[in-house]
Amino acid sequence: MDLYVIRHADALALGERGISKDSERPLSAEGEQQAAAVGKMLQRRGIVLDKLVASPYLRAQQTAQLLRQHLLPAPELVTTAALVPNAKPRQMAEYLQALPGKCVGLVGHLPHVAEWTGWLIGEKKVQLHFAKAGVAHLRCGKHPEKGLGELRWLVTPDWFER
């Protein structure tokens with residue numbers, strides 16, 4: 001299974017525009033551009049996602065929807081609580097084992113995306129820096145499981161916007 005682990009794009013801060021819940025933070029104008037750039041980069045690289053899975057938080061949903069607009073064919077967008085900020089890596093692995101598809105995009109949050117990626121490559125305490133709208137490509141064999149992932153690349157929006 002190929003996984004494209006994506007941190008949500010730039011979002012408004014708590015308190016800005018009266019936002020009082022972390023889960024309700026929308027993307028900023030910069031974040032909207034970043035999310036579109038992720039989709040364009042994946043399309044240019046010829047990556048075809050079978051599924052695009054996002055956290056239920058607004059900024060992750062918006063990131064997924066905007067990047068999905070630039071993918072042909074557009075993958076089905078599904079939502080799971082296994083991608084919220086404090087979810088356990090095993091939850092995501094179990095979710096993916098039941099999900100059909102060989103190439104899946106995941107849109108989530110820090111620290112979860114970094115811990116999840118580290119867990120897949122064998123150590124969840126590894127220090128991985130995921131910029132906002134950063135993307136990691138992992139190859140995991142048939143199913144994702146602790147230590148069975150191979151980190152192929154990890155890029156920032158600065159890299160793929162060039």
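Biologist: Which residues point one way from strand β2 and which the other way, and are they buried or exposed?
Modeller: This is a predicted model, and in it K51 and V53 share one direction from β2 (residues 51-54) while L52 and A54 take the other. Each of these counts as buried, which means under 20% relative accessible area.

Biologist: What makes β2 and β3 paired strands?
Modeller: Pairing takes at least two bridges, and 4 bridges join β2 to β3 (residues 76-79), so they qualify. The two run parallel, with K51 opposite E76. To get from β2 to β3 the chain goes through helix α2 (residues 58-68), in a right-handed β-α-β crossover.

Biologist: How do you know that β2 pairs with β4?
Modeller: By that cut-off of at least two bridges: 4 bridges join β2 to β4 (residues 103-108), and these strands run parallel. Here K51 stands opposite V104.

Biologist: Why is T80 called buried?
Modeller: Its relative accessibility is 9%, and the cut-off is under 20%, so T80 is buried. T80 sits in the loop between β3 and α3 (89-97). Leaving aside neighbours within four places in sequence, T80 is in contact with V53, A54, S55, P56, M92 and Y95.

Biologist: Which α1 residues are buried, and what covers them?
Modeller: The buried ones are G31, Q34, A35, A36, A37, V38, G39, M41 and L42. Their cover includes β1, α2, β5 (135-139), β6 and α5 (157-160).

Biologist: Which residues touch the most other members of the largest nonpolar core?
Modeller: Among its 24 residues, those are Y4, V38, L42, L49, L67, V107 and V135. Two or more residues each come from β1 (2-7), α1 (29-44), β2, α2, β4 and β6 (150-155). The largest share, 5 residues, is from α1. As a general point, nonpolar side chains in soluble globular proteins tend to be buried together.

Biologist: What is Y4 in contact with, neighbours within four places in sequence left aside?
Modeller: Its partners are L42, I47, L49, C103, V104, G105, L106, V135, A136, H137 and W153.

Notes:
Residues numbered from 1 in each chain as written. Predicted model: local features only at pLDDT ≥ 70, side-chain atom pairs only at ≥ 80, totals over all residues. Heavy atoms only, no water. Buried < 20%, exposed > 50% of the residue type's maximum accessible area, 1.4 Å probe, protein only. Right-handed = clockwise from strand over helix to strand, strands pointing away. Core = buried A, V, L, I, M, F, W, Y, C linked by side-chain atoms within 4.5 Å. Contact = heavy atoms within 4.5 Å.
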